[in-house]
Amino acid sequence: MSSDPTEVQERQTQTQVGDSLAFERWRMSLSNFTGLGLTPEQKIQREEEKERSVLERDWNKCEKWKRTLMTNSPMITFMLQHLKNAGCEFDSSSIQCHPCPETRSGGFSTEHGILLCQNRFFNKKHLEDTLSHELIHAFDHCRFKVDWFNLRHHACSEIRAANLSGDCRWTREVKRGFYSFNKQHQACVKRRAILSVIANPSCESPEMAERAVNEVWKSCFKDTRPFDEIY
Ligand SMILES: [Zn+2]
């Protein structure tokens, strides 16, 4: 064993440096947690890091749920199969998770496919309902020549999407045997369809949206394709 005084000295200094580094790291992580004792630049950096980690967490969760549902959910796999049969296959890359503003939870675009709003889902069921809703739009777009700027066309697809997805807990009502008689369900479908049509750029007023929904209501509410085979 060496007892060279310089070596001992050196070792002591190293330990002190190590200790103070550990202390500094501890202080910084505590500051990052509390936000106290940070310089303005560090505060900005802390906010950015927080934002990044929220984005990453939301995206991971959204993607994980999406993938699980695409293989395990009877509703989603049924719709995906029918889209494929109709010649419009939707793979995982055409259903994308992104952050969105507070006003929406999903969307369908003829160019970009399906959007899932990663920051808007309360739980997996909510994502499943949203994805079912958008898949009905995708199916309509694939099967029928939908002009999305035509309010009657849009209204019809929104009625079907709200009716056939879990938006108004359709599947639960079917299980309960209330499907055709459930006035509450119809009111829910109508309300949601009107709200969606109001967001159409061609729609000038809520009354206009309501009129479009009422005009196509009868034929579109009873149009349950591609579910006819089961019900
Ligand atoms: Zn919709």
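In what order do the elements of the protein run from the N terminus on? The order is α-α-α-β-β-β-α-α-α-α-α. In total the protein has 8 helices and 3 strands. The model described here is a predicted one.

The 3 strands form an open sheet, arranged in the order β1-β3-β2, and their pairing is mixed. At the edges lie β1, made of residues 95–98, and β2, made of residues 106–109; each of these pairs on one side only. Direction ignored, neighbouring strands of this sheet are turned against each other by 25 degrees on average.

Strand β3 covers residues 113–117 and pairs with β2 in the antiparallel sense, over 4 bridges. Within this part of the sheet, G106 stands opposite L116 in β3.

Next come helices that pack on the sheet. Helix α2, residues 40–72, packs there and touches β1 and β3. The direction of α2 makes about 155 degrees with that of β1. Helix α4, residues 124–143, also packs on the sheet, touching β1, β2 and β3. Here the angle is given against another strand: the direction of α4 makes about 20 degrees with that of β2.

Two figures describe the protein as a whole. Of its 231 residues, 27% count as buried. Among the contacts with a separation of 6 or more, 58% are accounted for by residues 24 or more positions apart.

How values were computed. Residues numbered from 1 in each chain as written. Predicted model: local features only at pLDDT ≥ 70, side-chain atom pairs only at ≥ 80, totals over all residues. Pairing = 2+ DSSP bridges. Helix = DSSP H or I, 4+ residues; strand = E, 2+ residues; numbered from the N terminus. Axes fitted to C-alpha atoms, helices over the stretch in contact; angles between N-to-C directions. Contact = placed C-beta atoms within 7 Å. Buried ≥ 20, exposed ≤ 12 C-beta atoms within 10 Å, placed from the backbone.
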